[in-house]
Amino acid sequence: MAVVVALLGIPIAQAIYYSMTNWNGLTATWIGPSTYSTALSDPTFWRVLENNALLLLSIPFAIGIPLGIAALLHEHVRGWRFFRSVYFLPTAVSWVVIGMVAVQFFAYQGLLNKLLADVGLGSFQTNMLAGQRSALVALAITFIWSMLGTNTIIFLTGMSTLDPTLLEAARVDGLHRRQIFLRVTLPLLKRFVQFSFVITVISAFSALFSLIFVMTNGGPGYGTTTLEFFVYQSAFSLGQFGTGALYGIILFVIMVTVGLVQLRLIRSEDGEGW
Amino acid sequence: MTAAPATAARGRPTATVVRRRVRASTLFAIMCVIAVVMLYPFFYMLDNAFRNQSQFSGQGGHSTVSWGQLFTELPVWRELFNSTLICAVSILLILAVSTTAGFAFAKLQYRASGWVFLGVVAALMVPLQSIIIPEYVNLGKLGLINTYLGAILVYVALGTPFATFLMATYYRGISDDLIEAAVMDGLSYERTFLRIALPLSWPAIATVTVLQFIQIWDDLLVGLLFLQNPQQRTITVGLAALSAGRTTSIPVLMAGSFVSALPAIIVYLIFQRHLVKGLTMGMGK
């Protein structure tokens with residue numbers, strides 16, 4: 001057993017070790033910490049971070065919409081099991097495939113523009129993937145769509161753990177459905193909301209690679225390049241392995257910070273004893 | 001005077017029933033709309049896969065030309081084989097490590113086991129992009145780039161932490177008494193694990209298998225970097241490479257998308273329950 005544990009532990013320790021120390025990557029010459037200040041003063045880097053920050057704006061939607069869907073499913077109307085399977089289906093499908101269809105959806109002759117024309121908004125027809133900001137919006141929409149299933153399932157699981165007598169009591173007390181949802185269900189679901197928040201943030205930072213690769217390849221310009229994609233671009237398109245590794249470390253630091261803040265929040269709330 | 005409340009009393013349930021029916025139908029309608037939004041991409045994929053280039057660009061009608069093109073002009077079978085091979089070997093290795101390690105973390109006490117486990121959990125937070133460059137350099141030095149083994153090792157390294165975490169969580173749920181009784185009966189730890197713990201843990205094993213299958217099958221980045229040779233490409237990477245080329249006809253791309261998505265969808269439909277469990281089990285803490 002100890003051998004097995006060692007076999008497991010060593011590669012992980014190694015991975016952490018490399019992620020910490022090998023930031024100069026392939027560059028044969030040692031430059032020292034000054035590479036960090038060089039990288040941080042690169043305007044492209046800030047442009048990329050800005051994209052990441054803007055993508056975070058999609059998170060309320062990526063959590064709010066599934067929360068609504070889960071609430072609907074939890075009513076257990078006819079066929080809810082079927083709907084649950086359908087909503088969860090995108091989770092099984094590669095983001096490569098999702099991105100591929102999304103490209104067609106947002107394309108100039110795509111469905112989106114056709115829909116716009118049908119409702120008389122033909123003048124709004126654009127090729128969303130051609131503009132820097134609109135391409136980012138298109139990416140965000142696809143991202144939200146892809147996260148719907150996962151987050152819905154998390155909330156649905158959460159709702160099934162709720163004590164029905166509590167909701168019954170609230171109903172007897174004369175609360176409306178909406179009040180029950182806001183004042184009873186939602187606070188009880190806090191842990192699940194936090195969990196889905198973490199998953200969504202992690203995905204937004206580190207799982208969009210395939211989507212970006214297929215939909216926009218980071219473009220137009222740097223319009224949809226996020227930090228994770230920038231790592232790939234720097235190292236494998238531009239051949240700057242050192243810079244790529246450096247951005248990788250920055251990404252790592254951001255993720256750890258997010259994780260620690262999250263842990264902090266959960267701890268402090270546990271202290272309050274809910 | 002007495003009649004009025006009586007009618008009201010009789011009338012009220014009907015009103016409530018009506019309202020409930022309206023509500024139920026409204027909910028049902030909303031769910032159908034959402035279902036359409038979720039299913040539309042799949043419909044789109046299939047609809048356009050059964051067209052040729054001119055039918056796609058507005059002529060209408062359907063044909064199977066693109067399917068023929070897909071299988072004759074592109075190494076789809078080869079890619080499907082690669083995907084299957086890589087998934088199978090990776091998952092077997094992940095299971096071998098995560099079941100034994102998970103059991104050790106859950107049931108055996110040894111020095112610093114808590115810290116090692118913390119290390120495993122911490123490894124969950126490392127984004128792939130942060131380690132991919134050192135990993136690439138390392139495997140390059142070992143001559144493992146563009147070999148199945150190289151990609152498999154990366155997938156195993158990526159998948160094992162979460163799998164171990166899940167397995168440990170599961171084994172914690174098995175009573176200590178059972179394990180102790182087995183050990184008292186003279187079984188070695190190895191035998192206890194093989195004969196008692198392992199058979200008990202098959203639901204967790206199924207969960208790990210399904211999660212990893214979908215993850216590895218759907219992955220792009222690792223395959224893109226570590227399997228650059230078209231001979232070893234997985235189906236997902238092959239598809240992404242096609243789309244990057246922008247020369248392939250869209251109906252062929254759609255057919256390819258569908259072929260690559262199908263195995264994961266089938267696995268999902270069969271093992272849906274396990275997948276859901278795996279996703280939410282991360283909260284076990």
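The chat below goes through a predicted model with a chain A and a chain B.

Reader: Before I get lost, what should I know about the numbering and the kind of model?
Author: Residues are numbered from 1 along each chain as its sequence is written, and chains are lettered from A and ligands numbered from 1 in the order in which they are written. This is a predicted model, in which local features need pLDDT of at least 70 and side-chain atom pairs count only at pLDDT 80 or more, while totals for chains, interfaces and linings use all residues.

Reader: OK, and what is the mean pLDDT of chain A?
Author: The mean for chain A is 76, and 79% of its residues reach 70 or more, where pLDDT is the predictor's confidence in each residue, from 0 to 100.

Reader: Where in chain A is confidence lowest, and where is it highest?
Author: Confidence is lowest in helix α1 (residues 2–21) of chain A, with a mean of 48, and highest in helix α4 (residues 59–74) of chain A, at 88. Over residues 15–28 of chain A the pLDDT stays under 50, and for that stretch the model has 32 contacts beyond four places in sequence; two residues are in contact if their C-beta atoms, placed from the backbone, lie within 7 Å.

Reader: How many helices and strands are there in each chain?
Author: Chain A comes to 14 helices and 0 strands, and chain B has 13 helices and 0 strands. Helices (H or I, at least four residues) and strands (E, at least two) are DSSP runs, numbered from the N terminus.

Reader: How much of each chain is buried?
Author: Buried residues make up 39% of the 274 residues in chain A and 43% of the 285 residues in chain B. A residue is buried if 20 or more other C-beta atoms lie within 10 Å of its own, exposed if 12 or fewer, and partly exposed in between, with the C-beta atoms placed from the backbone.

Reader: And what share of the contacts joins residues 24 or more positions apart?
Author: Among contacts with a separation of 6 or more, residues 24 or more positions apart account for 70% in chain A and for 75% in chain B.

Reader: New topic: how many residues are in contact between the two chains?
Author: In this model, 61 residues of chain B are in contact with 64 residues of chain A. The side of chain B that touches chain A has 48 nonpolar, 12 polar and 1 charged residues, where Ala, Val, Leu, Ile, Met, Phe, Trp, Tyr, Cys and Pro count as nonpolar, Asp, Glu, Lys and Arg as charged, and the others, Gly among them, as polar.

Reader: How is chain B divided into domains?
Author: Chain B is divided into domain 1 (3–49) and domain 2 (66–281), with bounds that come from an automatic or database domain assignment. Taken over C-alpha atoms, the centres of these two domains of chain B are separated by 41 Å, and 4 residues of domain 1 are in contact with 8 residues of domain 2. On the side of domain 1 of chain B that touches domain 2, the residues divide into 3 nonpolar, 1 polar and no charged.

Reader: Which residues touch the most other members in the largest nonpolar core?
Author: Of the 145 residues in that core, these are Leu139(A), Phe143(A), Leu211(A) and Tyr155(B); a nonpolar core is a set of buried Ala, Val, Leu, Ile, Met, Phe, Trp, Tyr and Cys residues joined through C-beta atoms within 7 Å. Helix α7 (residues 148–172) of chain B gives the most to this core, with 16 residues. Domain 1 (3–49) and domain 2 (66–281) of chain B both give residues to the core, so it lies between them.

Reader: What is Phe143(A) in contact with?
Author: Leaving aside its neighbours within four places in sequence, Phe143(A) is in contact with Ser58(A), Ala62(A), Ala204(A), Leu208(A) and Leu211(A). Ala204(A) is also one of the buried residues of α11(A).

Reader: Back to α7 of chain B, are Ala157(B) and Thr169(B) buried or partly exposed?
Author: Ala157(B), which is found in helix α7 of chain B, counts as buried because it has 23 C-beta neighbours inside 10 Å. Thr169(B) lies in helix α7 of chain B, but is partly exposed, with 18 other C-beta atoms within 10 Å.

Reader: Last one: where is Asn146(B)?
Author: Asn146(B) sits in the loop between α6 (128–141) and α7 of chain B, and its phi is near 65 degrees, a positive value in a residue other than glycine.
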